[in-house]
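Please consult the sequence and the model alongside the text.

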Amino acid sequence: MSAPSATAPTAPPAPAPRLPTRRGVELSLIVAAVLVSMYGYAEVGFARHGVLPPGAAGYGCGLAGLALLAHVAVRARAPYADPLLLPIAVLLNGIGLVLIYRLDLEPVLGPRAAPAQLVWSSIGVGLFIAVVLMLPDHRVLARYAYLSVTAALLLLAAPIFFPAINGAKIWIRFAGFSIQPGEFAKVLLAVFFAAYLSANRAALAYTGRRIVRGRRLSGLSWLRRLQLPTGRVLGPVLAIWLVSVGVLVLERDLGTSLLFFCLFVVMLYVATGRTGWIAVGLLLASVGAFAASSLEPHVRGRVSDWLHPFASIDAGIGPGQLAQSLFAFAAGGAFGTGLGQGHSYLIGFAAKSDFILATAGEELGLVGLCAVFALYALLVARGFRAGLALRDPFGRLLAVGLASLLALQVFVIAGGVMDLIPLTGMAMPFLAQGGSSVVTNWIIVALLIRISDRARRPEPTPAAEEAAEEADKVGGPAA
């Protein structure tokens with residue numbers, strides 16, 4: 001028998017193992033999220049009237065339909081997306097609708113807001129589906145960095161020409177509708193910061209002048225490592241940030257100003273890896289907070305309420321909103337009073353917006369409140385994870401920026417209603433009443449879905465790429 005030829009063809013390489021898409025896991029979690037929300041809705045009705053609420057079927061079908069449409073869009077265009085992002089958003093939105101419906105049962109809090117919130121949630125899910133279906137790749141957004149920042153500044157400046165509401169000019173009202181443009185501007189600014197910082201990260205991290213050049217600093221040697229980038233690199237982004245914050249100060253919306261400032265510092269630190277930016281950010285924030293509290297009466301009042309939340313009780317005029325919020329948290333205890341059985345309506349007109357977390361704390365208790373915070377933490381962590389798994393700097397910075405927006409909002413709002421920091425007028429993501437807020441948060445989740453799909457999607461093998469090129473040449477499908 002003759003020996004085998006040395007030129008015998010080798011076996012083709014084994015195909016790469018197919019990663020699980022986990023869309024079935026996502027669908028199961030969405031079903032669980034809808035069931036939990038429907039249970040909460042039914043519990044409110046039984047607690048207040050002893051019967052199932054008349055709109056329970058419509059509420060459940062509406063929420064389930066929206067969640068199912070979003071799931072179909074993700075399954076079709078982002079099959080490798082993180083399976084936890086969409087179910088968490090559905091559950092938080094559902095809990096928010098339950099809490100708003102519960103507060104609608106108190107006549108002293110004004111007209112019903114849950115139906116309008118469901119409509120805004122539908123619009124948000126519609127935009128979520130549009131982003132997932134129409135955005136082919138998150139890297140496309142980097143091409144529109146300067147268009148994004150121009151649109152963001154126009155949105156921020158628009159409310160200046162409209163009357164103030166509750167001391168702040170942050171709303172645009174026309175034909176019975178109200179929009180908060182700053183909610184949309186924060187996403188556009190995150191896109192711009194990610195694009196600009198990713199393009200100039202090397203210059204930001206390794207060039208510039210040192211702040212301190214001396215050699216004898218006795219324990220402060222870290223100051224010699226702190227250097228500022230050149231004005232040509234850092235100037236444009238600082239100018240745009242200062243303009244946006246200046247506009248917000250004129251509108252007396254210091255909560256959003258704080259949000260944008262923290263977003264700027266976080267993304268700058270992630271882009272450069274220099275801890276000195278955190279110290280500079282804290283210093284500038286302290287100086288800005290002191291100046292605002294000294295010059296602006298509206299801010300000075302918020303600081304005074306933070307330092308002395310029970311001052312109105314001592315003066316004999318009754319508890320204010322912040323004091324009522326603290327009473328609600330205390331009344332909830334560990335396991336809460338039960339949905340529909342609390343007294344957080346005593347907070348007043350902001351119970352459905354700024355202070356809706358107090359209702360959750362009173363009626364769900366410390367355990368329920370920790371569960372809500374855990375959902376937010378998991379949503380933010382999955383956003384960070386998607387960014388870390390990417391190779392392109394723009395996607396990494398954009399994911400970190402969007403996730404940081406959610407984390408910073410939760411911290412600022414929760415800290416304010418719990419008297420940890422001065423109160424700022426912002427909406428708790430997905431929970432609080434506010435159409436602009438819920439729509440923007442759905443857009444943020446859609447972008448994170450797109451980024452996570454890109455991060456988890458398997459790279460094409462060289463053999464597959466060559467086959468695709470050959471197919472393009474001959475004009476037929478690859479074998």
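## Salt bridges

R23 is buried, its relative accessible area being 2% (buried means under 20%, exposed over 50%, partly exposed in between, with a 1.4 Å probe and protein chains only). Its side chain meets that of E26 in a salt bridge, 3.0 Å from N to O (a side-chain nitrogen of Lys or Arg within 4 Å of a carboxyl oxygen of Asp or Glu). E26 counts as buried at 0% relative accessibility. Both residues lie in helix α1, 3 residues apart, about one turn of the helix; helices are DSSP runs (H or I) of at least four residues, numbered from the N terminus.

The model is predicted, so local features need pLDDT of at least 70 and side-chain atom pairs count only at pLDDT 80 or more, while totals for chains, interfaces and linings use all residues. Residues are numbered from 1 along each chain as its sequence is written, and side-chain values use heavy atoms, leaving out hydrogens and water.

The whole structure holds 11 salt bridges. In one of them, the closest N and O atoms of R102 and E363 are 2.4 Å apart. R102 lies in helix α3 (residues 85-104) and E363 in helix α14, so this pair ties together parts 261 residues apart in sequence. Both R102 and E363 are buried.

A salt bridge also joins R454 and D137 (3.8 Å, N to O). R454 belongs to helix α16 (residues 435-456) and D137 to the loop between α4 (114-134) and α5 (145-157), so the pair links distant parts of the chain, 317 residues apart. R454 is partly exposed at 30% relative accessibility, whereas D137 is buried at 16%. Through shared partners, salt bridges join R48, R102, E106 and E363 into one network.

## A nonpolar surface patch

L27, V31, L35, M38, L68 and V72 form a nonpolar patch on the surface, with about 490 Å² of accessible area together (Shrake-Rupley method, 1.4 Å probe, only the protein chains shown counting as cover for residues). Such a patch joins nonpolar side chains (Val, Leu, Ile, Met, Phe, Trp, Tyr) within 5 Å, from residues with over 30% relative accessible area and no salt bridge. α1 (23-49) and α2 (56-77) each supply at least two residues, and α1 gives the most, with 4. V72, in helix α2, is partly exposed at 46% relative accessibility.

## A buried glycine

G182, in helix α6 (residues 181-199), is buried with a relative accessible area of 15%. Leaving aside neighbours within four places in sequence, G182 is in contact (heavy atoms within 4.5 Å) with L156 and F260.

Notes:
Patches are made of residues with over 30% relative accessible area and no salt bridge: like charges are joined within 9 Å, nonpolar side chains (Val, Leu, Ile, Met, Phe, Trp, Tyr) within 5 Å.
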